[in-house]
Amino acid sequence: MNKMTQQDLAELTGMTKQTISRYANNSHIMSYPAAVNIAKILNCQMEDLYEIISE
């Protein structure tokens, strides 16, 4: 299984790596459109994103 880096996710979403990092570190609240986009890319539910980030 390949692991996706923050840089990979940033490129796929059109966001910066810094933005993805802020989401991952809970220093920035993810907007609804961003959550939808990331969930589609990661093939998961939006709720899963918030569980992943809060762990």
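The buried residues of H1 pack against helix H2 (17–24) and H3, where buried means under 20% relative accessible area, exposed over 50% and partly exposed in between (1.4 Å probe, protein chains only). This is a predicted model, so to speak of local features takes pLDDT of at least 70, and side-chain atom pairs count only at pLDDT 80 or more, while totals for chains, interfaces and linings use all residues. Residues are numbered from 1 along each chain as its sequence is written, and side-chain values use heavy atoms, with hydrogens and water left out.

**Overall layout**

- The protein has four helices and zero strands; helices (H or I, at least four residues) and strands (E, at least two) are DSSP runs, numbered from the N terminus.
- Along the sequence, that reads as α-α-α-α.
- Of the 55 residues in the protein, 27% are buried.
- Take the contacts (heavy atoms within 4.5 Å) with a separation of 6 or more: 27% of them join residues 24 or more positions apart.
- The accessible surface is about 4,200 Å², with 51% of that belonging to carbon and sulfur atoms; areas come from the Shrake-Rupley method with a 1.4 Å probe, and for residues, only the protein chains shown count as cover.

- Leu 9, Ala 10 and Thr 13 are the buried ones to look for in H1 (residues 6–13).
- They sit on the same side of H1 because they cover an arc of only 105 degrees around the axis, going by the directions from the helix axis to the C-beta atoms.
- Just after H1 comes Gly 14, with a positive phi of about 80 degrees.

**The core**

- The largest nonpolar core has 11 residues, among them Leu 9, Ala 10, Ile 20, Tyr 23 and Leu 49; such a core is a set of buried Ala, Val, Leu, Ile, Met, Phe, Trp, Tyr and Cys residues joined through side-chain atoms within 4.5 Å.
- H1, H2 and H3 each put in at least two residues of this core, and H3 gives the largest share, four residues.
- Setting aside neighbours within four places in sequence, Leu 49 touches Met 30, Ala 35, Ile 38, Ala 39, Leu 42 and Cys 44.

**Leu 42**

- Leu 42 belongs to helix H3 (residues 32–42).
- Leu 42 counts as partly exposed because its relative accessibility is 35%.
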